[in-house]
Amino acid sequence: MNVLRHTMQDINGEDVDLSQYLGQVVMIVNVASKCGFTPQYAELEALYQKYKDKGFVILGFPANDFLRQEPGTDEEIKSFCTLNYGVTFPIFSKISVLGKGKAPLYEDLVSRKTNPDFSGMIKWNFSKFLIGRDGKVIDRFAPTTKPNAKSVTEAIEKALTQSPIQ
């Protein structure tokens, strides 16, 4: 199922129809500013810079679901990402990736019905979902898997060789 069928608010409060990313390879990551994995922001930005001109984009979704490691406001999160890591990939408004208040996008990402091959609850910050050009989840990487890991870059490169949807 196409998980890019949702409209989400970006970090500036603007609605973004995620279907605009159909035809690209997308990595969706739940991020946090006060986590042991927070330095992955730098690696995510490097990955984005390496592949963005080839049809790749990273979408960061701040979430405060794990030990309150993303306590900031959207403005504070935006400032943190820009000043500390030079993030230029799209960052969205803070959401929940767990429980009753879980964002519909994350409902699709973790549901066996909509994502049979890579479903399962989010276990921590910096869980990464790789979405193919058709909007379907094609891989998932644990928070402990660094964005520049060979398994990640190989999956991205393979996805980028797939023909864009017509």
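1. A disulfide is a pair of cysteine sulfur atoms within 2.5 Å. In this predicted model, the sulfur of Cys81 lies 13 Å from the closest cysteine sulfur, which belongs to Cys35, and that is too far for a bond. The structure accordingly holds zero disulfides, and Cys35 is in none, with the sulfur of Cys81 as its nearest cysteine sulfur.

2. Cys35 counts as buried because its relative accessibility is 9%. Cys81 has a relative accessibility of 2%, so Cys81 counts as buried too.

3. Cys81 also takes part in a helix contact. Helix α1 (residues 40-51) packs on helix α2 (residues 74-85) at an angle of about 75°, and their axes are 10 Å apart. The angle therefore makes α1 roughly perpendicular to α2. On the α1 side the contact is made by Tyr41, Ala42 and Glu45, and on the α2 side by Phe80, Cys81 and Tyr85. Sorted by class, the contact has five nonpolar residues, one charged residue and no polar ones.

4. The protein has four helices and six strands. Read from the N terminus, the order of elements is β-β-β-α-β-α-α-β-β-α. The radius of gyration is 14 Å, close to the 15 Å that the globule rule gives for 166 residues, so the protein is as compact as a globular protein of that length.

5. Along the principal axes, the C-alpha atoms fill a box of roughly 40 × 35 × 30 Å. Of the 166 residues, 50% are buried. Among contacts with a separation of 6 or more, 66% join residues 24 or more positions apart.

Terms used. Residues numbered from 1 in each chain as written. Predicted model: local features only at pLDDT ≥ 70, side-chain atom pairs only at ≥ 80, totals over all residues. Heavy atoms only, no water. Axes fitted to C-alpha atoms, helices over the stretch in contact; angles between N-to-C directions. Helix = DSSP H or I, 4+ residues; strand = E, 2+ residues; numbered from the N terminus. Parallel < 35°, antiparallel > 145°, perpendicular 65-115°, else oblique. Contact = heavy atoms within 4.5 Å. Nonpolar A, V, L, I, M, F, W, Y, C, P; charged D, E, K, R; others polar. Buried < 20%, exposed > 50% of the residue type's maximum accessible area, 1.4 Å probe, protein only. Rg over C-alpha atoms; globule rule 2.2 N^0.38 Å.
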